[in-house]
Amino acid sequence: MTSTPQRQLALQGAAVIFVLSLAWPYFGWKAEAMPWQETCLAIGGVAFVLATLTRQPWPWRIIQAAVMPLAWYFYPAPG
């Protein structure tokens, strides 16, 4: 089975939706700012698990795990 770009984006999107659907209500109820570094690391971890469950090749598993943490690291923080 080939790995299409749409499949990779869907996997990353599923990880983002999963983590944020758990994190937003928790931090919203506590009225605290969301810790984005930890949230991005959690998204990377969930993406790695999803890539493993869908039997992606190992290079894609590593890429999926690194996308969100690297996006957080290289995104210019406001302020």
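Predicted model: local features only at pLDDT ≥ 70, side-chain atom pairs only at ≥ 80, totals over all residues.
The crossing of α1 past α3 is right-handed. On the α1 side the contact uses Q8, L11, Q12 and V16, and on the α3 side W60, Q64, V67 and M68. By type, that contact has five nonpolar residues, three polar and no charged.

Next, α1 against α2. Here the axes lie 8 Å apart and the packing angle is about 130°. That value makes this pair oblique. Again α1 passes its partner, α2, in a right-handed crossing. From α1, the residues in contact are L11, Q12, A14, A15, V16, F18, V19 and L20. They meet W36, T39, A42, I43, V46, A47, L50 and A51 of α2. The contact of α1 with α2 divides into 14 nonpolar residues, two polar and no charged.

Now α2 itself, residues 36–53. Which residues of α2 are buried? They are T39, C40, I43, G44, V46, A47 and A51. These buried residues pack against both α1, residues 5–30, and α3, residues 58–74.

On geometry, α2 has 18 residues, so at 1.5 Å a residue it should span 26 Å. Its end C-alpha atoms are 25 Å apart, which agrees with that expectation. Just after the helix, R55 takes a positive phi, about 60°.

Conventions: Residues numbered from 1 in each chain as written. Heavy atoms only, no water. Helix = DSSP H or I, 4+ residues; strand = E, 2+ residues; numbered from the N terminus. Expected span 1.5 Å × (residues − 1). Buried < 20%, exposed > 50% of the residue type's maximum accessible area, 1.4 Å probe, protein only. Contact = heavy atoms within 4.5 Å. Left-handed = near helix turned anticlockwise from the far one by under 90°. Nonpolar A, V, L, I, M, F, W, Y, C, P; charged D, E, K, R; others polar. Axes fitted to C-alpha atoms, helices over the stretch in contact; angles between N-to-C directions. Parallel < 35°, antiparallel > 145°, perpendicular 65-115°, else oblique.
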